[in-house]
Each structure stands twice: as structure tokens, then as C-alpha cells.
Amino acid sequence: MEQFGMGQPVRRKEDVRFLTGHGRYTDDINLPGQAYGHVLRSPHAHARILGIDTRAASAAPGVLAVLTHADADADGLPGLPCHVDVPGRGGARMFAPLRPVLADGTVRYVGDPVAFVVAETAAQARDAAELVEVEYEALPAVVDAPAALEPGAPLLWPEHGSNLCVHWESHDGQAMREGFARAHRIVRCELVNNRVVGNPMEPRVAIGSYDPATGIRTLHTPSQGVVKLWQGLASIVFDTTTDKIRVVSPDVGGGFGLRGKLFPETVMVVWAATRLARPVKWTADRSETFLSDPHGRDHVTVCEMAFDEDARILAMRAETAANVGAYLLDFGPRIPTVAGARIAGSVYDVPAMQLSVKVTFTNTVPTDAYRGAGRPEICYQMERLLDLGAAAFGIGRDEIRRRNFIRPEQLPYKNQVGMVIDSGLFAETMDRALAKADWAGFARRRAARRDGKLRGIGLGYYVEASGGQPLEEARVRFEPDGRVVLIVGTFSHGQGHETAFAQILSERLGVAFDRIDFRQGDSDFVKFGNGTGGSRSSQMGGVATARAAQQVIDKARRIAAHRLEAAEADIAFAAGAFLVPGTDLRITIDAVAKLAADPANLPEGMAPGLDETCRYQRPTECNFPNGAHIAEVAIDPETGIVQVERYVCVDDCGVIINPLLIRGQVHGAVAQGLGQAILERTVYDRQSGQLVAGSFMDYAMPRAADMPDLEVDFHVVPNPSNDLGVKGAGEGGSCGAPPAIVSAVCDALGIAHIDMPLTPEAVWRAVRARRAAA
């Protein structure tokens, strides 16, 4: 069993299915009698709808329905709510308008859904949508948060009288101001955390169906966990009980925090299927992904840090305008405020601070969680300020961090927002990364290269608040044919749960790895669970799996004792068998499972079967994976092209379940962090509100040639707050890569700061400006 247990680099079970073309995604599903939907979207960023004429579209070949807000209103279809309430400064309430499924007389971004056309074929639905006549009165638009907060800016919600959703503050600022008053030096940085498009490999798909005989509505769609959608469709949309709703998510091609929300299109297909009493399928194309999927980040920040004479932090402050888009998605306003602030101060001992965030509506696609969900933004602020602090004191960038790290003797450390960091050896982790990257030898390497390129090295330290919702469930079920079924309420959209959870169960129960079947993604058998987000699966689903296995062992031990005619206290369990040490009495867990099926074999009063369910509640708010990332870059001064030549990272993700899987998680997160740092930028035209970067012709996603070989290592510091000692692993690279790469480019150019993305034009201009100044 050791070959397939915890810590072993087991190849993913699921890869055989995926690599041989046997993955089953939502678009692979086609239901009998299925019709097809097409969403007519607004061409305007902001406009009133003066009239909609659907007659020509309704009469087009194959058309079954043309639905607008008037139909939604007639059917009592509600608007979609935000799922969080962020407290405002001075007790002010967050403004949280409902989001209409179809535009309710005003469109607020390019791509806002206006009508839903259903026809016998996808082509007929698309053609008919072009026949819908919509009369618009164009209104002024605003697309960036600082401009939206200016007096006289166009208002998205005139009834509110402002584009401010909520102004959140972490502290009253008194201690922070006192720290700044005592400062020996103060550094300041104005920075942009650029908007990015998530772009999962699999576009959004939704299939709704309705059975008039049972009244059950079914949704097939990619998600990050079916339970939230299942409950939302029942309680929010259709005002029914959950036994009348079913949600199915098969294989999913990427999540990144963007999946599993109650999107308007999700509602449309189920609503239309109910009206027509036949299935309705909608599949987004890549243009719709750019236009209508949630975006991430998009913050403009002014931040400052105060130091004493020894370069130790006294206080920091940051004022941010965060763009939440035209509507509030599930967690939109929480991401730049409460969610990000959980790592306030990062891994540094910061005695005072104030984070001030103005969450702002604009005529753009709504923003929500995107890999890291607020924490990359906070890490980026801290790391840029520390680089500037090092320059101000004339000390190394590594040295200023070493002076300010939370020390081991300070753990458990309660940060400025009350989160308790209970483990981590931050200076040791950084020193391992510095040694692996030969940080000290970089000046020699730079001098030795004589190709005319500018070279730099940069450091970024991150901490992640991982965990997500604090409850999770796992069920272990023994089948008559000897197989073991594991059902967990988390959800794998690429992470490899089918492998990792089987490793945990195989090790704990002694059951052969290849006899374990993993099941997920169907509300018919997943009745409880909080899905996957916030790097929660190993510490929640993994721990629940381990505890469910222990419950199985505890029950099986009683049965084994009864069968072997021994005292329960004398029964030991090892390698899948119960035995009485010092005797030849022995029975396997498989044999116990067969016995357990017959009540005649059981101790008096025991229910038959070995199946067990564990609902696990985490004892802490979060845990805190962390790590040091180091990038070396080369810049062509004539073109401004930045090439990351070397990338080294040492991450502390606690105990490692599977080294292959965790390396894959680090690689993916670093790729997304590198993409944001160098390539990705979501551009809206400031006048028209049109999405300019609306395709891969205009939006630069990282490709293989952009990525260096990643040198990944781990510093295992077990997490004391859970049974497995694990910490989150999925989002560190997106936190660590941007500050490391920006730091390296600034080092190469000899400048204090440059905003992401580090496009050739931006870098070329910085080179020219530096030369002109010299």
C-alpha cells in the first residue's frame, strides 16, 4: 500500500480517461428532444431599452421561443442576489441591487443579456437572434473605478446616486497614523492590479430540462461544486424544494474561481426548458467567454509603508478603488475587501495598518473570485512596498524581509484582522529559495552575459489564506463486488481528487488503490458539500475522507472482534486487516465488509453495512500556505520584450499528499501569475465602453514559449490544525509570481516601479525614459 499512500508521486487515475478522449464534459451531453438557446447581448456599454420587437424572430424557421425581461417578469423570475454583505465604513450598508436574468430596461455593459432565443438548432437560434429589433438610447459609460468615483461620472444605478457599492475599511486608522508619525522613513507606491479574463479551456455550457410528470428540473453545467447551484436554483430562482431540482457537473475543463455561480444563462436554460417542456442547451463560444464570464482583479491602489531606523515596519496603509463591474456576482465585493484582508500584513510583523477599499460599479463585466481571490493583490502591495523600502535604506531586498518576518517564537501570530497564523518558518523558506536560485551569485552572472540585454532578479514572498467554507462531508461506501466508493462534497475541476483522495483512503483502509471509485458532481448523491475554492480540498475533503475512513475502521473493529471472539481492545488494524497480536487470528477489512452485509453476523444492536459518513468542521478560520518565488529576467532594450529566463520557488504547503499533483498546481498558478505580470490585460475603450481585448488576437494568454522551466521545491512545515498536516496548494503561484517578476524587471531597468502587465511597449518606454533621465 505504501506505493499508493500519502506522499507518493502517484500518476493521476483520471489522466488515462482524459488523454484517450474519454473525458465527459457538459458539451458532450445531448438529451432527447433537445433544443438550443442563443443569448442576444447588448452592443452598448450603457443604454436604455426603449423597445424590443420579437415578431420577426419568433416567426423565423425552427424558433420555439424568444424570451425577454417581460416574460421573466410575467413568470415571476427573480433577480439574482449577491451572496455576501460587506460592512461599510461608519456602519453604512452595502448597495446590492439584484441582477436581472434579462435586461430590465437598461443595459449596463457590452454583452449584457437582452433576449434568449430558443430554436430547433443552434444555427437557427443564432440567426433568429439577429432578427430581434431592439431600440436603444445610448448613455454615457464609465469603465474604470477611479473615474467612476469622480463627481459627474455616469451613474449605473441612478436610484443609488453614486457608483460606490461600499466603502470598506479594515481599521479606524488611529494606530496607523501614530506609526506614520514616528516613522524614520516612508515609502509610497501607486500601482495597478490589472484586470484579467479567466478563460477556462472549456467555455460555459448549460443544459436545462424539465420532467412534467415529476416536476423535477435538471441542470447540467460545469461547476466547482453542485450543492450551491442546487440549493440556489431551488430557493432563489424557482421557490421550490431541493427534491424538485437536480444539478449535474461532469468533467470540467478549468475553474479558477469562475465556475459554479448562479449565472443568468444558467437560469435561462432551466426556465426555458420548463416553459417548453423539453431540454434546452446553451454553449458559449470564446467571444462570449470574453464578453460575459467573470473577470478578475482590476484594482488601483495608493499604498505607503512607514519604517523605523532599523528598517522595521511601523505601519502601512493602502487606499484602493476596486472595480466590481456592472452587477454584483456571488462574492464580488468580498474579494477586494474581507477576503483579501485575511492576509493583511502578509508574513510580516506589521503592528498597525489601515486598508481602505472603495468597491465601485462600472460599465464592465462583473468581477469575482479569480485564482487567489484578493490575496494576490494584498501580497503584491506588501512586496512592492518592501522593495521600495530596501532601496530607501540601501539594503538588500532579502534583508528587509528577513528583518520583518514573523519570527517562529511569535507563532501562533494573530494578524491585524484577527486571523491566526499557526505555522510557518518564513525566513528558512526564503533562505532555501535564495540558495536554490543562487541569489548571491546573480551579480556575477549578470556581468558575465554580454549580449546587450538588461538582466534583473526579483523576489516575491506570499502567504495564502486557504480553506474556504469550514464544513465538508465525505462518505465511504462498500459495494457488493468489493469496490469502495468515495463521495466527497468538494469538486475536482483539474486538481486530481480522484487520485489524491484515493491515496488517503488506500493508506487508511488498506484497500487497493485501483479498487477505489471516486464520485462527485451530482446532487442526487452529493447532498452536502461546499465545493472547491480557496484551495480547500485537501484540508477539508481530505481530512473528511481520513476521518470517514477511521469511522469505518472503528465499526469494522467491533465486527472483527465479534467474529474472532476477542475483546475489541485486543484488536489491532494494519495493512487492511484486523488481527490479535501474538496469535494467528486475522480477518481482512474486505471480509468484514461482506460479514457486515448480514445482520446475523453483527454484534447486537449494530446496523448492517460498513458505510460511513463524516461531516468535518475545521477548527480554524483558514490556514496559511506560503512561499518564496524568485525570477530572473532578460530584457531586450530595443524591443522591450521581457523573457523570464529562470524561475525558482520554494513553497510551504504543509504535508504533501502527492508530489506530482502539487507540482502541477504550482506550475499552473505560476503560469497564471506570469500571465498577469507580463501579458494579460483586459482593455475597455474609455469612451464607448467596448471591450477592446475581446479575443486571443488581442488578449495575450501565456503560451509554452513564455514559460521558463520551473524549479519547484517545498519546505514542509506541517499544519498543526488538521489531521493530515496539509495546507492549501493551488493559488500560491498566482500570489508569488507577479511581485517576483515585477521586482526583477525593476532591478533590470534600475527603476522603482512599473505597472503590470510588462508589455514590450511599456518596458520599451521605461527604457527610453531611463536613458533620457540619465
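**Close-up views of a predicted model**

View A. Asn415 counts as buried because its relative accessibility is 6%, where buried means under 20% relative accessible area, exposed means over 50% and partly exposed lies in between, with a 1.4 Å probe and protein chains only. Welcome to a predicted model, in which local features need pLDDT of at least 70, side-chain atom pairs count only at pLDDT 80 or more, and totals for chains, interfaces and linings use all residues. Residues are numbered from 1 along each chain as its sequence is written, and side-chain values use heavy atoms, with hydrogens and water left out. You will find Asn415 in the loop between strand 18 (413-414) and strand 19 (420-421); strands (E, at least two residues) and helices (H or I, at least four) are DSSP runs numbered from the N terminus. A polar atom of the Asn415 side chain lies 2.9 Å from the backbone oxygen of Arg342. Leaving aside neighbours within four places in sequence, Asn415 is in contact (heavy atoms within 4.5 Å) with Arg342, Ile343 and Ala344.

**View B. Strand 1 and its two partners.** Five of the seven residues of strand 1 (residues 35-41) are buried, so this strand is mostly covered. Strand 1 pairs with strand 13 (residues 280-283) in the parallel sense over two bridges; two strands pair if DSSP finds at least two bridges between them. Here Tyr36 stands opposite Lys281 in strand 13. Strand 1 also runs antiparallel to strand 5 (residues 113-119), joined by six bridges. Look for Arg41, whose bridge partner in strand 5 is Pro113.

View C. The order of the strands is 4-2-6, and their pairing is antiparallel. Strand 4 (106-107) and strand 6 (133-138) are the edge strands, each pairing on one side only. Strand 2 (residues 47-53) pairs with strand 6 over six bridges, and Arg48 stands opposite Glu137 in strand 6.

**View D. The second largest pocket.** This pocket holds about 500 Å³ of space. Of the 22 residues that line the pocket, the closest to its centre are Asp144, Val192, Asp298, Arg681 and Arg686. Helix 5 (145-148) and strand 15 (299-307) are the elements that give two or more residues to the lining. A pocket is an open set of points on a 1 Å grid over the protein atoms alone, where a 1.4 Å probe fits, with protein on both sides within 12 Å along at least five of seven lines; lining residues have an atom within 4 Å of a point. The volume is the space filled by probe spheres set on the points.

Terms used
A polar contact is a pair of N or O atoms within 3.5 Å; within protein, one must be able to donate a hydrogen and the other to accept it, and residues adjacent in sequence count only if both atoms are side-chain atoms.
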